[in-house]
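Me: I would like to learn how to read a helical model. Please take the features one at a time.

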Amino acid sequence: MTAWTTVAAVAATAVSLWLMSGPMLVYVRHIAELSGLSATGARVPPGAMFAIMFDLMPGIMTASLVGTALSWAIYALAIVAGYRDYVQLGRLGYPKRFHWAWSFLSPVYPIGRAVVVRRQAGAGSATMWIALAATAASILLSIGWSFWLMTAMFDAIASMRAMVA
């Protein structure tokens, strides 16, 4: 269970990024349009930027709140799962256990638990590999989304410049 909370965190990150993508792309398109207008010499109203921000703020805030709520819920679940796992290992007769408080540092508990259990039982490293794979997936997902968003931003800006020229 402790390793699967790391997997759930990756899913929460994916949902949060997906919810954030739409409002971010609309924002970039609007900014590119304003940039295109100013490049033609047209006067851009002073409040245009604020109007765009206020129009998109509900979508961005909703995505941010959903992502934050999911993250906190999964974080709490990981701590509870770490404690329950620690107690269960004691019931199973493991004299040495990795302390559950390491659950506060997300991927540390599954890794430490796997090392301690493997030393005593000779098996049980699946939790470590699941946690490491989920952590790597989270990093790759965030980097990939950032590159995708930057590409979309540059495409929007380039298309507005092409329209102006």
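**Reading the helices**

Reply: Helix α3 has 14 residues, and its first and last C-alpha atoms lie 20 Å apart, close to the 20 Å expected at 1.5 Å a residue. The expected span is 1.5 Å times one less than the number of residues. Helices are DSSP runs (H or I, at least four residues), numbered from the N terminus. This is a predicted model, in which local features need pLDDT of at least 70, side-chain atom pairs count only at pLDDT 80 or more, and totals for chains, interfaces and linings use all residues. Residues are numbered from 1 along each chain as its sequence is written, and side-chain values use heavy atoms, with hydrogens and water left out.

Me: Which residues of α3 are buried?

Reply: Buried means under 20% relative accessible area, with a 1.4 Å probe and protein chains only. In α3 these are Tyr109, Pro110, Gly112, Arg113, Ala114, Val116 and Val117. An α-helix has 3.6 residues a turn, so residues three or four places apart point the same way. After α3 comes Gly122, whose phi is positive, near 85°.

Me: At roughly what angle do the axes of α2 and α3 cross?

Reply: Axes are lines fitted to C-alpha atoms, for helices over the stretch in contact, and angles run from 0 to 180 degrees between N-to-C directions. The axes of α2 (residues 48-91) and α3 (residues 108-121) come within 11 Å and cross at roughly 10°. Therefore α2 is roughly parallel to α3, a label for angles under 35 degrees. Gly82, Asp85, Tyr86 and Leu89 of α2 make the contact with Tyr109, Arg113 and Val117 of α3; contact means heavy atoms within 4.5 Å.

Me: Where is Ser103, and what does it touch?

Reply: Ser103 sits in the loop between α2 and α3. Ser103 counts as buried because its relative accessibility is 2%. Leaving aside neighbours within four places in sequence, Ser103 is in contact with Tyr75, Ala78, Ile79, Gly82 and Tyr109.

Me: Which residues form the largest nonpolar core?

Reply: In soluble globular proteins, nonpolar side chains tend to be buried together. A nonpolar core is a set of buried Ala, Val, Leu, Ile, Met, Phe, Trp, Tyr and Cys residues joined through side-chain atoms within 4.5 Å. Here the largest has 7 residues: Leu17, Met20, Leu25, Ala63, Trp145, Leu149 and Ala152. The elements giving two or more residues to this core are α1 (2-39) and α4. Apart from this core lies another, of 6 residues, among them Tyr86, Leu89, Val116 and Val117.

Terms used: Angles under 35 degrees count as roughly parallel, over 145 as roughly antiparallel, 65 to 115 as roughly perpendicular and the rest as oblique. Buried means under 20% relative accessible area, exposed over 50%, partly exposed in between (1.4 Å probe, protein chains only).
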